Amino acid sequence: MIAAIHFRASGRLRRIAALIRKETYQVFRDPSSIAVGIVMPMMLLVLFSYGLSFDVKSVPVAIVLEDSSADARGAASGFELSEYFAAVPVKTMAEAQRLLLGKTVDAIVRIPPDFARRVELGDAEIQILVHGTDANTARISLAYAQGAIGVWMAREAAQGRIIAGAPIGIESRMWFNDANESSYFLVPGLIVLVMTLIGALLTALVVAREWERGTFEALFVTPVRPGEILLGKTVPYFVLGLVGLALSVAGAKLLFQVPLRGSLTILTIVSMLYLVVALGIGLLISSLTKSQFIASQLTMVVTFLPAMMLSGFMFDIRSMPLVIQGITHIFPARYFVSLLQTLFLAGDVWAVILPNAAVLAGMGALLMSLAVRATRKKIG
Amino acid sequence: MIAPTPTSPVSVRDIYKAFRRKTGETVKALDGVSFEAKAATLTALVGPDGAGKTTLLRLISGLMASDAGELEVVGVKVAADPQAVQDRIGYMPQKFGLYEDLSVQENLDLYTDLHGISAEDRKAIYPRLMEMTQLGRFRERLAGKLSGGMKQKLGLACTLVRSPELLLLDEPTVGVDPLSRRELWEIVLKLVREEGLTVVVSTAYLDEAERCDHAVVMHAGKVLAQGSPEDVTAEAKGRTFILAVPDGMPARSLQARLFQQHGVIDAVPEAGQVRVVLASAGDTASLAPNGAKDAPRPVPPRFEDGFMVLFHAVAGQAHRNAMTLDRPQSVDPNAIAVEVHDLVRTFGDFTAVDHVSFKVRKGEIYGLLGPNGAGKSTTFRMLCGLLPASNGTLRVAGADLRTSRAEARQKLGYVAQQFSLYGQLSVDENLDFFASAYGLRGRRKADRVAWAKRQFELDQFSRLPSGQLPGGFKQRLAMAAALLHEPEILFLDEATSGADPMARREFWGRITSLSEQGVTVIVTTHFMEEAEYCDRIVILDAGRNLAEGTPAEIRSHAAATGGEEPTMEDAFIAIVEKSRNGPAAQTAGNAA
C-alpha cells in the first residue's frame, strides 16, 4: 500500500519534471520566448530610461520685461539663474507670443509695467503662459516658474524685505526623489512591465499555442493530470520572471544608479507574489480563448496596458478622476507599483508593504484556483 | 483497481453528440452510433468529411462527453472516469501534437516520462520503436524538421512507448506520401497481428479500410453499414465492370460521361480503361450508348465499389460537375503551355529542385507526383512565380517567368494546398475581393462572380463565412476564386488532400471538363489512382525527375519489376525505391 502510494507520487513528480523540462527546452529554442522574456525587458529598460524622461531642464522661456525697475529685473533674474530655464529676453508681448506659437519657447513670463508699484502695494502679479500641448511638461514648468519667483522672493526676504502678493513661493521639493530624476520612478515601474510580459503575456501565448497546434490533444490522453500540466507551465515562466527581475534590478542599480532603500528579500517576495498573479491571469486567459491571437490581445488589454497607465507607474493615480481611481483597484499592477516605488525609494515601510502584499496574495490565490478550474482535459 | 481488458475494448452503444455552430444551427455530429471493437482486431471508421469519425474517437478517448448513449472503453465507463481510460490507451490525433521544437528523442522521452516508463523498460522499448519506425538516424533532429511521413511515425512511436491496451488513430495517413503510408500501415498491421493490439483507425482512404477486420462505414453521423470489409465489398457484387476506351479519347472523358449517367453509381479511370459500378446488377444496357469500344467486362468488386454503393443509397446521384466556360479556349494540341528547362532551386546548400525539365501542352492535365519533400511544392511555387528559380528557364503561357512575372501571373490560376481564402469573409466577399485583385471591375466582375457561383453551386452559401463552409465547398470556393480571371493554366497543389471519395470524383469531373475546353491543368497529388486522370505525369524524388510519361507508360515500370497488373501506386513505389536504393542495390536485386 505504501509502495503504491509512493509509486503514485513519484509518477506524478516524474510527469511534472518531464513537462518542466519540455517547457524549458522550448523556452530556449523558441526565439519569441527569449525575445519576450529577456530582450524586450532590456529594450524597455533602455527605452524608458533614456528615451522617456519626465525631467524638465532648460525650458526655453521668453521673458517680457515691461517694467524696468529693480524689482522686475530681480524677479526675471530668478529665471536666468535657474538651470531649469533658458531665458530669452524679448521686448514685446506680441513677439513673445509669436515665439510661443512657433514653439521656439515653451513659456512666457510677463512682468507687467506696474510691477514695482504693485509690489509695494502688496498685490503684484506676474503672468506666466505655458504651452499646454505637453501637459506634463507644462505643469512641471509652471511649478518651476513659481519656484524661480520664490527664489527671488527668498533672496529679498533674506535682505529683510517681505514681499507679499500673488507670486507666493510654493514648496515644490520632491520627496524621495531629491535629484528629481525620473529614472528613479521609471525603473522600478519597469519591473512591473517586465513581470507582466513574462508572467501573463508569455504564459498566455505558450498555452494558447498548445491548443492551436493540437499538442494538448495528444498530451491529454496520457496519465497526466490537468494540475500537472498547469504546474509544468507555471514553474519555467516563474523562473524566467525571476531572471527578468534580477536583470531589471541589476540594470536599475548599475546603469541608472537607482537606490534600493528597502530590502532585496522583500522585493523578491513581493515580486514572486505578483508573478503568481500574472501567471494566473495568463493561464486563465489562454484556457478560455485557446487562440494565440485573442490571448495576446486580451492579455495586453487586461494586464499590460493597465500596468502601464493605471498602476501609478507613469501617471500619478491621485491626479486621475475619481472613477478611474476606483478602477485602478481592480488591477494588480497598482499594488505592485506602490510596493516597488516604496521599496526602491523609501525603504521597508510596513504600512505600505503589508496591505499591498496581502492584496496580491489574495488575487494570486483566486486567479490560480480559477485557472485550475478552467483547465480541463476536454476538447471543444 | 484496474479493470481487466474485456473481449471488446471498445463498446459504443447508441451514442449521440451535437454541436452548435457559431451561426446558431445545431449539427448532429453523431446520431445514434453503435459499434464494438473486438480485442486484437483492427477496426476502421470509414466515411467522408464530416461523417463524425473524429468526434467518435474523441469521445472514446474521453476528450469529449457524449449527449446520450453508453460508451465503455477497456472495461471502463468513459464518462464516469476519463482519466482511467486515458491512463491505459494510446491516441494519435489527426495532426499529432508533436512538439516541433523538441528533438525526436526529447519527444519520446516526454511521453515515456508521462507514462511512467522505468529507465530499464526504456532500454528495451527504444530500440524496438526505432527499428519499427526507422527513425534511429534522426534522433537528434527537431520534430519540426521531419517530413510528413516521419512525423506521423514519430507520433505513432510516442503513443506506443507504453504498450497501450487500445490504440486510436485519427486519419494517420492524411498528407502522407504512398511510401510512408505503406510503411505506417505495415507497422499498424504488425501491432495487431503479432502483438495482439486492438486498433481503431479512421480513414478516408478506402484501400486502407480493405485491410482491416471490421469496417464501420459512416455518413453524416450515422452508421451506414458495418461488418468485415468483404461484407462491404459484397454490396457491389455483380455490378462492377471495366469498359475499354475508344482510341484517341482520354479515359477520363468517358469516365466523366459515365459518372453522371443514370444507372451508374461510380466510374473511375483505371489503367487506361474505365471502371464502373452499376446501380443494379447486370444492367449493362445503360452503358451501351457511351461509345465504349468493347462490351463491358465484368470484374470482381473492391471495397471502394461497395462503399460507393452504400453511399449512393443515402447521398443519391452524383452532383452535376461539368463546367461551362464563358469563353472556351482554343484547343491546339501542339501549343506548349508550360515549358520548364533545367530548373534548379537551392536553399543554402540544400538542392530542393535539381535540373528538372518538362513540357506541358495546351489543354493537358499534367500531374506532379512524388513523396513528401520531393520538390513538388517548390517546383509549383516557381511555376506560379511565387519563388524565383536559382537556375534554368521557365515559360508559362508564353511568358518568361524570370523577366515578365506579372504578365504570366495574369494567365494562371493557383489553388494552394491549404485553404487560403479569408475565413471570416463570406463566399460573396471572398469572390468579390479576388475578382478585384485580378483587376476585374464593373459589369465583367459581376458576370464572372455570377459565373463562378453558378458553376460551383455556391449560391446557397453566399452569405456564409467561408471558414464555416463544409469541406468540399471550401475547396470549390478556392477553385472558383482561382478561375475568376479566366486563366489559361490552372495550378492545383494537393487539392484533394483530405477530401473524401465523393468530393474527389466531383473535383476531377470539373478538371476534366476544364481541360476539354482548353484549360491546361497542372496538379500535385498523394492519391496515386488520381494520376489516372492525367494525360501525362512526372515522378519527382529528392528534387530529381525520375520518370515521365503517360499513366500507362509509368505503370509499365512496375510491370517490368514483376507483379500482375500493377496499380499506379505499385509503379510509383517501384520507381522511387529503385532510385533510392541506387545502382548497387539494383545489381544485387538482379543477381538474386
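Of the 380 residues of chain A, 40% count as buried. This is a predicted model, where local features need pLDDT of at least 70, side-chain atom pairs count only at pLDDT 80 or more, and totals for chains, interfaces and linings use all residues. Residues are numbered from 1 along each chain as its sequence is written, and chains are lettered from A in the order in which they are written.

Student: What makes a residue buried?
Tutor: It has 20 or more other C-beta atoms within 10 Å of its own, with C-beta atoms placed from the backbone. In chain A, 40% of the residues count as buried.

Student: Why are H9(A) and H10(A) called oblique to each other?
Tutor: Their axes, lines fitted to C-alpha atoms over the stretch in contact, cross at roughly 135°. Angles under 35 degrees count as roughly parallel, over 145 as roughly antiparallel, 65 to 115 as roughly perpendicular and the rest as oblique. H9(A) and H10(A) are therefore oblique.

Student: Which residues of H10(A) make the contact with H9(A)?
Tutor: A:Ser271, A:Leu275, A:Leu279 and A:Leu283. Contact means C-beta atoms, placed from the backbone, within 7 Å.

Student: What classes do the residues of that contact divide into?
Tutor: Seven nonpolar, three polar and one charged. Ala, Val, Leu, Ile, Met, Phe, Trp, Tyr, Cys and Pro count as nonpolar, Asp, Glu, Lys and Arg as charged, and the others, Gly among them, as polar.

Student: How many residues does the contact take from chain A and from chain B?
Tutor: 25 from chain A and 24 from chain B. H1(A) gives the largest share of chain A's side, eight residues.

Conventions:
A residue is buried if 20 or more other C-beta atoms lie within 10 Å of its own, exposed if 12 or fewer, and partly exposed in between; C-beta atoms are placed from the backbone. Two residues are in contact if their C-beta atoms, placed from the backbone, lie within 7 Å. Helices (H or I, at least four residues) and strands (E, at least two) are DSSP runs, numbered from the N terminus. Axes are lines fitted to C-alpha atoms, for helices over the stretch in contact, and angles run from 0 to 180 degrees between N-to-C directions.
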